[in-house]
Amino acid sequence: MTTLLIRRATAVVTMDAQRRELADGAVFIRDGVIEAVGSADEVPAEADEVVDARGLLVMPGLVNTHHHMTQSLTRAMGQDEELFGWLRTLYPIWARLTPEMVRVSTQTAMAELLLSGCTTSSDHMYLFPRGVSLDDSIEGAHEIGMRFHASRGSMSVGASRGGLPPDEVVEDETAILRETRDAIERWHDPGRYAMLRVVVAPCSPFSVSRDLMREAADLARSYRVSLHTHLAENDNDVAYTRDKFGCTPAEYVESLGWTGPDVWCAHAVKLDAPGIGLFARTGTGVAHCPCSNLRLASGIAPVRAMRDAGVPVGLGVDGSASNDAGHMLAEARMAMLLQRVASPRGPAAMGAREALEIATLGGARVLGRDDIGALAPGMAADLVAWPLDEVGLAGAQHDALAALLFGHVARPRHVWIQGRCVVRDGRLTTVDLPVLVERHNALARQLLKG
């Protein structure tokens with residue numbers, strides 16, 4: 001039995017059922033699970049490790065619901081392309097990925113996320129060339145210590161059959177289903193506080209068949225794992241679905257059994273009002289990726305309307321080549337600001353605390369978890385401590401939480417996952433970051449050379 005006490009925090013933002021924000025707060029943790037949250041006299045006074053959190057704001061770890069981590073190898077490419085042109089530029093490059101590239105890029109992307117306060121991330125990996133497997137990203141995640149939802153993606157409809165990707169990057173559908181099943185049986189942990197879960201994730205309407213979508217849903221539900229795909233990302237995406245299948249994107253997934261609380265879709269920028277109603281009625285989730293949507297000029301997702309209707313919404317940084325960053329706090333800030341522009345409610349459309357709720361509890365719900373996203377007894381000890389003495393927060397001590405969302409994009413002082421300190425004093429404790437970045441850059445040069 002090991003215990004950890006984080007005490008004397010300037011503020012503890014719990015995101016619990018009462019949304020308590022505690023001055024001079026404390027969190028007591030036993031064996032990676034939160035046992036008590038409150039003032040100094042409400043938690044045990046001693047522990048195996050005691051952290052003095054004066055001058056720090058402590059909150060739940062942020063939850064990233066959509067990423068393509070290998071894309072950190074190809075940042076700032078296809079700079080002036082929309083989604084389809086951007087993909088056509090990058091597919092041939094990604095076809096040269098190797099197992100080492102996947103492992104190293106996964107760790108690099110996760111390092112960037114950890115240093116932005118993110119403690120849980122999904123990753124949508126859908127290309128498997130040159131012996132690459134989902135194992136490569138899973139092993140990288142295990143070494144760095146991030147809570148991980150590994151999505152076994154796939155593409156099966158190449159250009160010769162009317163799809164977007166070139167034929168050389170698609171897979172046989174029988175092999176896709178077999179390898180997805182193998183990954184679930186080998187890696188998936190359904191238990192509370194699981195560090196690793198596997199997700200079934202055919203890539204998109206323009207890269208897989210209807211048969212694969214149906215069979216993937218059957219497979220996922222036979223193992224009680226989640227389903228994930230891209231949907232309604234931009235106008236061309238919607239036009240493809242209408243032309244190919246004769247329906248809207250929402251009607252398409254509904255016809256295939258791809259709705260329900262075990263399903264979440266990335267982007268949904270162009271989800272129409274009936275689609276929002278469908279997602280709300282069925283509990284189908286959305287990974288909102290504001291920076292990627294702006295980078296590719298896809299549009300602004302109707303998040304205000306989604307949340308008002310009851311659609312589960314989380315945040316995603318998306319790929320490091322379509323964002324081109326992986327900073328979850330910056331993503332939450334952008335989500336908040338965009339809804340103020342897009343909604344007729346103006347500045348009242350979204351505030352800092354709602355943006356934080358989307359980035360924590362919202363992401364947890366989208367991923368189908370009730371053990372992360374808040375600081376409360378019985379929750380996983382995933383916490384972030386932000387320093388409040390930085391120049392970008394000067395003048396905002398009356399509401400430092402709002403300042404973190406409105407202005408200064410901070411770097412956390414400490415990060416704990418399941419009670420383990422993975423960032424201490426602003427530095428990763430599980431990997432040597434300069435060495436990792438050096439190897440990552442060498443592999444990126446190798447990938448671009450072909």
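How far is the sulfur of Cys-265 from the closest cysteine sulfur? The sulfur of Cys-265 lies 11 Å from the one in Cys-289, its closest cysteine sulfur, and that is too far for a bond. The structure here is a predicted model, so local features need pLDDT of at least 70 and side-chain atom pairs count only at pLDDT 80 or more, while totals for chains, interfaces and linings use all residues. Residues are numbered from 1 along each chain as its sequence is written, and side-chain values use heavy atoms, with hydrogens and water left out.

Back to the cysteines. A disulfide is a covalent bond between the sulfur atoms of two cysteines. The rule used here asks for a pair of cysteine sulfur atoms within 2.5 Å, and by this rule the count comes to zero disulfides. Cys-118 is in no disulfide either, with the nearest cysteine sulfur, that of Cys-289, 12 Å away. Cys-118 is buried, at a relative accessible area of 0%, and Cys-265 also counts as buried, at 0% relative accessibility. For these labels, buried means under 20% relative accessible area, exposed means over 50%, and partly exposed is in between (1.4 Å probe, protein chains only).

Next comes helix α3, residues 134–144. Helices (H or I, at least four residues) and strands (E, at least two) are DSSP runs, numbered from the N terminus. Eight of the eleven residues of α3 are buried, so this helix is largely enclosed by the rest of the structure. Those buried residues are Leu-134, Asp-135, Asp-136, Ser-137, Ile-138, Gly-140, Ala-141 and Ile-144. What do they pack against? Their partners are the helices α2 (99–114) and α4 (173–187), plus the strands β7 (118–125), β8 (147–154), β9 (196–202) and β16 (420–424). Contact, here and below, means heavy atoms within 4.5 Å.

Two packed helices are described by the angle between their axes and the distance between the axes. The axes are lines fitted to C-alpha atoms, for helices over the stretch in contact, and the angles run from 0 to 180 degrees between N-to-C directions. For α2 and α3, the angle is about 40° and the axes are 8 Å apart. The two helices are therefore oblique to each other; angles under 35 degrees count as roughly parallel, over 145 as roughly antiparallel, 65 to 115 as roughly perpendicular and the rest as oblique. The crossing of α2 and α3 is right-handed, a label given if the near helix is turned clockwise from the far one by less than a right angle, with left-handed for anticlockwise. On the α2 side, the residues that meet α3 include Val-102, Thr-106 and Met-110, and on the α3 side Ser-137, Gly-140 and Ala-141 are among those taking part. By class, this contact has seven nonpolar, four polar and three charged residues. In that scheme, Ala, Val, Leu, Ile, Met, Phe, Trp, Tyr, Cys and Pro are nonpolar, Asp, Glu, Lys and Arg are charged, and the others, Gly among them, are polar.

The axes of α11 (residues 328–342) and α12 (residues 352–366) come within 9 Å and cross at roughly 130°. That angle makes α11 oblique to α12, and α11 passes α12 in a right-handed crossing. Met-328, Ala-332 and Met-336 in α11 meet Ala-352, Ala-355 and Ala-359 in α12. The contact of α11 with α12 has six nonpolar, no polar and no charged residues.

Some single residues round out the picture. Phe-279 sits in helix α8 (residues 273–282) and is buried, with a relative accessible area of 0%. Beyond its neighbours within four places in sequence, Phe-279 is in contact with several residues, including Leu-231, Cys-265 and Val-311.

Finally, the backbone. Most residues other than glycine have a negative phi, and most peptide bonds are trans. Arg-8, in strand β1 (residues 3–13), is not a glycine but has a positive phi of about 60°. His-267, in strand β11 (residues 263–267), is not a glycine but has a positive phi of about 85°. Arg-8 is partly exposed at 38% relative accessible area, whereas His-267 counts as buried at 0%. A cis peptide bond, with omega about 0°, joins Asn-323 and Asp-324, and Asp-324 lies in the loop between β13 (313–315) and α11.
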